[in-house]
Amino acid sequence: PESFAAFIGQRSRWAQGMTQIFIMKNPLIKRGLKLGQRLSYLASSMFWLFPFSRLMFLIAPLFYLYFGLEIYRATAAEVVAYNLTYLAASLVIQNALNGRFRWPLISELYELSQSLHTSVAIVTTIVNPRKPTFKVTAKGATLAHDHVSPLARPLLVVVGLLLLGVAATVWRYVMEPSTRDVVLVVGFWNLFNMLLALAALGVVCEHAQH
């Protein structure tokens, strides 16, 4: 695909297709498949559920910063001892296994940039699995001028919500001294999400092809 819109169209169709396979030809109960084949088809279908975990990771800190809702209870020391060490180990292992092909943070950006759109495609397919039809991605298209993709609006809304989350972090830090350690942890989580979303804005700002 030559544009972000074409990229999203392609990925949405892939997500719809794998969702259709899982619903209409469930590999767990399909006759004639070996165990390895069942697991392979199942993994291919389940992979496309990543938009939902990605979006939850994006909005979870906002539940606390906006409304004081606790997704889970942990002190700052527990977060450092368990969460940060897990994340550090995960990044090191991913970089060791895939560093020559893809950086872990690029994977984060790749997933975020498409999750807002592919999640909708998956839900509509679950509601009506026979409706989506396959269309071939247009090839050879060129971008005549610099522009912002028409699909950028949902991402702009997300960036706005995350910016408000930064403001809420400052407000809670000042107004709630007893919870400052938790506010800092959640605030840094939200700040990481915001930086990632800002980087995704670079994806939707497309340049002319010369």
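A crossing of two helices is called left-handed if the near helix is turned anticlockwise from the far one by less than a right angle, and right-handed if it is turned clockwise. Helices (H or I, at least four residues) and strands (E, at least two) are DSSP runs, numbered from the N terminus. The structure is a predicted model, in which local features need pLDDT of at least 70 and side-chain atom pairs count only at pLDDT 80 or more, while totals for chains, interfaces and linings use all residues. Residues are numbered from 1 along each chain as its sequence is written, and side-chain values use heavy atoms, with hydrogens and water left out.

The chain contains seven helices and two strands. Along the sequence these elements follow the pattern α-α-α-α-α-β-α-α-β. Taken along the principal axes, the C-alpha atoms fill a box of roughly 60 × 50 × 40 Å. Of the 210 residues, 34% count as buried, where buried means under 20% relative accessible area, exposed over 50% and partly exposed in between (1.4 Å probe, protein chains only). A contact means heavy atoms within 4.5 Å. Among contacts between residues at least 6 apart in sequence, 83% join residues at least 24 apart.

The packing of helix pairs is described by axes, which are lines fitted to C-alpha atoms, for helices over the stretch in contact; angles run from 0 to 180 degrees between N-to-C directions. Angles under 35 degrees count as roughly parallel, over 145 as roughly antiparallel, 65 to 115 as roughly perpendicular and the rest as oblique. Helix α3 (residues 50–67) packs on helix α7 (residues 180–204) at an angle of about 140°, with the axes 9 Å apart. The two helices α3 and α7 are therefore oblique to each other, and α3 passes α7 in a left-handed crossing. On the α3 side the contact is made by Arg54, Phe57, Leu58, Ala60, Pro61, Leu62, Tyr64 and Leu65, and on the α7 side by Val182, Val183, Val186, Trp189, Asn190, Phe192, Asn193 and Leu196. By class, this contact of α3 with α7 has 13 nonpolar, two polar and one charged residues. In this classification Ala, Val, Leu, Ile, Met, Phe, Trp, Tyr, Cys and Pro count as nonpolar, Asp, Glu, Lys and Arg as charged, and the others, Gly among them, as polar.

Helix α7 also packs against α5, and the axes of these two helices come within 9 Å and cross at roughly 70°. That angle makes α5 roughly perpendicular to α7. In α5, Leu105, Glu108, Leu109 and Leu112 meet Phe192, Leu196, Ala197, Ala199, Ala200 and Val203 of α7. The contact of α5 with α7 has nine nonpolar, no polar and one charged residues.

A further pair is formed by α1 and α5, which pack at an angle of about 45° with their axes 8 Å apart. This makes α1 oblique to α5, and their crossing is right-handed. Residues of α1 in the contact include Phe4, Phe7, Ile8 and Arg11, and those of α5 include Tyr110, Ser113, Gln114 and His117. The class count for α1 with α5 is nine nonpolar, 10 polar and one charged residues.

A nonpolar core is a set of buried Ala, Val, Leu, Ile, Met, Phe, Trp, Tyr and Cys residues joined through side-chain atoms within 4.5 Å. The largest such core has 20 residues, and those with the most contacts inside it are Leu58, Leu112, Leu155, Leu162, Ala197 and Val204. At least two residues of this core are supplied by each of α1 (4–24), α3, α5 (104–127), α6 (153–175) and α7. The largest share, six residues, comes from α7. Leaving aside residues up to four places away in sequence, Leu155 touches Leu116, Ala197, Ala200, Leu201 and Val204. In soluble globular proteins, nonpolar side chains tend to be buried together.

Tyrosine 66, in helix α3, counts as partly exposed at 29% relative accessibility. Not counting residues up to four places away in sequence, tyrosine 66 touches Leu161, Leu164, Gly165, Ala168 and Arg172. Tryptophan 14 lies in helix α1 and is partly exposed, with a relative accessible area of 39%. Tryptophan 14 and valine 186 are 172 residues apart in sequence and 34 Å apart in space, C-alpha to C-alpha. Tyrosine 82, in helix α4 (residues 76–98), is exposed, with a relative accessible area of 62%.
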